[in-house]
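Visitor: I would like to go through this model term by term. For each label, please give the value, the definition and the conclusion.

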Amino acid sequence: MAIGDDDFKLCMGSWVSGVTILTTRSGEQIHGMTVSDFSGASLSPPLVTVCCSKDSVTTGLIAEGKCFAVNVLAADQQELSNRFASKKYEDVRFEGLDYSTAKTGAPLIRGALARMDCKLEATHDAGDHVIYVGQIVAAEVEEREPLVYWNGAYRQLVPVD
Ligand SMILES: Cc1cc2nc3c(=O)[nH]c(=O)nc-3n(C[C@H](O)[C@H](O)[C@H](O)COP(=O)(O)O)c2cc1C
């Protein structure tokens, strides 16, 4: 017998993660959403995974465009996380945003801690989500502090002596 939704959410809330903006392009259309279900998967070849809701617009566009970029948010980018998670801002998420275009065509957000441009390698079904496996074709990393997410709220790292 499976556990209930509330227990699942409690378990997932106990896991600390960073926050990313997952962006993509299909033809002329760019889009993106906030994603915390991101993980490194393989060093050689360099593969990452993102877990995306089947209901999300971004998920459908990644399937079409066969590419995505993972933009790891810095500590001061909480507003961006909220904007890319909110349906209210769905059509204006990139308005006034400083971004460039990756080799694959996916948007790369300036000021992010890391930017990984990926071509879609594989898709795995996972209940009401899909797991996308991407191969990193280009990457940039900056020395900044990350935005942290735990128990339904944003956090910042505090060094331990
Ligand atoms: C901190 C945070 C983390 C999130 N992580 C994910 C995730 O890993 N996968 C996912 O599908 N949605 C995630 N979401 C929800 C999406 O960002 C949200 O449903 C978004 O509106 C989808 O946009 P779209 O339908 O325009 O693609 C997260 C939201 C927040 C605030």
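Guide: In helix α3, residues 78-85, the buried residues are L80, S81, R83 and F84.

Visitor: What makes the buried residues of α3 line one face of the helix?

Guide: Seen down the axis of α3, they fall within an arc of 165°, so they line one face. The arc is that of the directions from the helix axis to the C-beta atoms. An α-helix has 3.6 residues a turn, so residues three or four places apart point the same way.

Visitor: What kind of model is this, and how are its residues numbered?

Guide: The model is predicted: local features need pLDDT of at least 70, side-chain atom pairs count only at pLDDT 80 or more, and totals for chains, interfaces and linings use all residues. Residues are numbered from 1 along each chain as its sequence is written, and side-chain values use heavy atoms, with hydrogens and water left out.

Visitor: Why is S81 called buried?

Guide: Its relative accessible area is 1%. Buried means under 20%, exposed over 50%, and partly exposed in between, with a 1.4 Å probe and protein chains only. S81 is therefore buried.

Visitor: Which residues does S81 touch?

Guide: Not counting residues up to four places away in sequence, S81 touches V19, I21, T34, L73, L147 and Y154. Contact means heavy atoms within 4.5 Å. The buried residues of α3 pack against β2 (20-26), β3 (29-35), β8 (107-109) and β12 (153-155).

Visitor: How many helices and strands are there, and what makes a run count as one?

Guide: The protein has 3 helices and 12 strands.

Visitor: Which residues of α2 are buried, and where do they pack?

Guide: T58, T59, L61 and I62 are the buried residues of α2. Seen down the axis of α2, they fall within an arc of 165°, so they too line one face of the helix. They pack against β2, β3, β5, β6, β9 (114-126) and β10 (129-141).

Visitor: Strand β6 next. Why are F68 and V72 called buried?

Guide: F68 lies in strand β6, and its relative accessible area is 0%, so F68 is buried. V72 lies in β6, residues 67-72, and at 15% relative accessibility V72 counts as buried.

Visitor: Why does T20 count as buried, and what does T20 touch?

Guide: T20 is found in strand β2. At 3% relative accessibility, T20 counts as buried. Beyond four places in sequence, T20 touches M33, T34, V35, F38, V70, N71, V72 and L73.

Visitor: Which peptide bond is cis, and where is its proline?

Guide: The bond joining S44 and P45 is cis, with omega about 5°. P45 is in the loop between β4 (38-42) and β5 (47-53).

Visitor: Which non-glycine residues have a positive phi?

Guide: K66 is one of them, with a phi of about 60°; K66 is in the loop between α2 (57-65) and β6. N151 also has a positive phi, near 55°, and N151 is in the loop between β11 (148-150) and β12.

Visitor: How do you know that the radius of gyration agrees with a compact globule?

Guide: The radius is taken over C-alpha atoms, and the globule rule is 2.2 Å times the number of residues to the power 0.38. With 161 residues, a compact globule would have a radius near 15 Å; the protein has 15 Å, which agrees.

Visitor: What part of the protein is buried, and what part of its contacts spans at least 24 residues?

Guide: Buried residues make up 39% of the 161 residues. Among contacts between residues at least 6 apart in sequence, 64% join residues at least 24 apart.

Technical notes. Helix = DSSP H or I, 4+ residues; strand = E, 2+ residues; numbered from the N terminus.
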